[in-house]
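Here are some notes to go with the model you are about to open.

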Amino acid sequence: MKKYIMLSVLASCALSLSAQDFDTKPSVTIDNKNEDLHFTVGARFMADAAYYHSDFTPLQSGASITDARIRTSLTYENWKFYADFGFGGGKFSQKNIFLEYATPQPNGGRHAIKAGYYNDPAGSMARNTSLGSYHFISRPGASNALGEGRELGVTYKYTNDRFMAYQGIFTEDQYNKLEAGFNGIVLSGRYQVRPLIDEDQTLSVGANIRYQHVGGGVTENNVLKKSLSLGQTLETYVDEDMQFVSCELPWAENVLDAGAEALYHNRNMFVRGEYMWKRITKKRDSETLFEASNNNIDTWGTLDAWMAANPLKANSFQGGYVEAGFLVFGNPYSFDKNEGVLRGLSGRSLEIVARFNYTGLNDINKGEYFSVARNQYYPDGYMQDYPYKSTSIGGGSVRSWTIGANYSFNRFVQVMLDYTYHNLHKDYLSNDRNFHAVQARMQFVF
C-alpha cells in the first residue's frame, strides 16, 4: 500500500482589468477621452506544488504552471470587447472572448446583449465565479463534473437590484472540429431573485436550466455515435487525474440540466450552496448496427435478440455543495449583482472558510454484480457467459470536506491554505477510499 502526502502551493500574479473575471480596479489603462475609448491590459500567472496522501492509487506530487493569461478589453460608449488568452500547461488555450452591448436604466436596471465565447449562464454559480475571486483554492467538484464551462453563443441579460434573468443559445463545440455530425445546440438560462439586498448584506435564491442536443460524434458501422464525458479531479491542479470520478456515456442524444442555488452574506460572513441534476437520454440506429453484426459467424439471429443483449437506458446524476466563510477582520463581503456572485477579498483581510461537496456519477441497476477483472456489471447478481451489456454506470461518488484560511495583505496580494478530505466510492477502484489534501496558494495582482 502506497501513501503520499499532499500539500499544494499555488502562486498567482496578475495585472488586472475591469472585466467579469476581476474584482480589483484596472492598473494598466489607456484612455482616449476625445474618442471615448478605454483600453486595458492585464496578465495572470498561477503555479502549483502539491503533495498527496491516498490509500492505494497514488496521485503524482510535484509542481506545475497551471495558468498564465493575457487579458485585454476595449470599451466605447455602451460597447465592450473583451479577450482573454491562456498559456497554462505549456499550451495556448482560448478563454473568454466576447462583445457586449449594455444599456443602464434610470431605475438601476441594466440590459446587456453578449456574443462570443464565454461561460454558459446555467453552468452553475461556482463556474460563473472567477477562480481568482473564489474563496477556496478549487471550485467544488460537483460544479466541474456536472456544470458547464465556456461555450460559443449569444445571450441577453437583464439585472437590477432585485432580479437577474440571464439566458442564451450556444453551440457545444466552438470550433466545429468534429469527425461526424454537427456541433449541436444548447439553450440555457440562470435566474435570481434577491429578497434582501443592500450595501451590507444580500440574500439571493435562484435556479438554472439547460437543454443540449448533442450533434457531433464519430462514425461506427455507418452509424453516427455521439458520446458525452463527465468527470472531475480531486479538487487539485497539479495532478488532474479524473479516473476516480468520471464516466463515458455513448449514444448520448439530449442532455437536460437543472439546478438551484442560494447565497447569503453580510459584512462578516457568507453561506452559499447549489444542487445540480443532469439527465442524458440516448438514441441509436439499432437496426443498422444489428445488420453489421451479422457479418460474422456469431450472428444474433434477430433484431430483438441483439437489442436484448445491447440495451439502452437514459442516465441521471446529481451533486451539490455548501460553502461558508467568516471574516475575522478586513473589508466586508460584497455582492456583484450583474454577475450574481460573491466577490473575492479586497484590502487587508483574514477569513476562515469551510465546504462540503458531493458528486454522484453512479447510476447502477439494483441487484447487479460487478466484475472488477472485466470492469463490467452483470444482471441477476452473478457473472454470466451470455454477453449482456448492462446499462449501469459506475462513475463513482465522492464526498469532500474542506476547511481553509485566506489572508489578503492588500488588494494586490493574498495567500490561501486549504485542507480537504475525500471519501470515494467506486466499484472499479474498491481499494481507493480515502484521499487527503493540504493546499496553499499565494496570489498577487498589480
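**Notes on the model**

1. Let's begin with the second largest pocket, whose volume is about 920 Å³. A pocket here is an open set of points on a 1 Å grid over the protein atoms alone, where a 1.4 Å probe fits, with protein on both sides within 12 Å along at least five of seven lines; lining residues have an atom within 4 Å of a point. The volume is the space filled by probe spheres set on the points, which are joined across faces, edges and corners. There are 35 lining residues, and those closest to the centre are Glu-248, Pro-250, Lys-389, Ser-390 and Ile-393.

2. Before going further, please note that this is a predicted model, with local features needing pLDDT of at least 70, side-chain atom pairs counted only at pLDDT 80 or more, and totals for chains, interfaces and linings using all residues. Residues are numbered from 1 along each chain as its sequence is written, and side-chain values use heavy atoms, leaving out hydrogens and water.

3. Which elements build the lining of that pocket? At least two residues each come from strand E17 (245-250), helix H2 (286-293), helix H3 (303-309), strand E25 (376-378) and strand E26 (393-408). Helices (H or I, at least four residues) and strands (E, at least two) are DSSP runs, numbered from the N terminus. E17 contributes the most, with four residues. By class, the lining holds 15 nonpolar, 12 polar and eight charged residues, where Ala, Val, Leu, Ile, Met, Phe, Trp, Tyr, Cys and Pro count as nonpolar, Asp, Glu, Lys and Arg as charged, and the others, Gly among them, as polar.

4. On confidence, the chain has a mean pLDDT of 88, and 93% of its residues reach 70 or more; pLDDT is the predictor's confidence in each residue, from 0 to 100. Strand E1 (residues 7-15) is lowest at a mean of 34, while strand E19 (residues 269-282) is highest at 98. Do look at residues 1-26: their pLDDT is below 50, and this stretch has 121 contacts in the model beyond near neighbours in sequence (contact means heavy atoms within 4.5 Å).

5. Ser-349 has Ser-408 in E26 as its bridge partner.

6. An open sheet has three antiparallel strands in the order E11-E14-E15. Strand E11 (180-181) and strand E15 (223-225) are at the edges with a single partner strand each, so one side of each has no neighbour in the sheet. Two bridges join E11 to strand E14 (residues 216-220), with Ala-180 opposite Gly-217.

7. Strand E2 (residues 29-32) and strand E3 (residues 37-50) are antiparallel over four bridges, with Asn-32 opposite Leu-37. They form a hairpin with four residues between them, and Asp-36 in the turn has a positive phi of about 55 degrees.

Terms used. Pairing = 2+ DSSP bridges.
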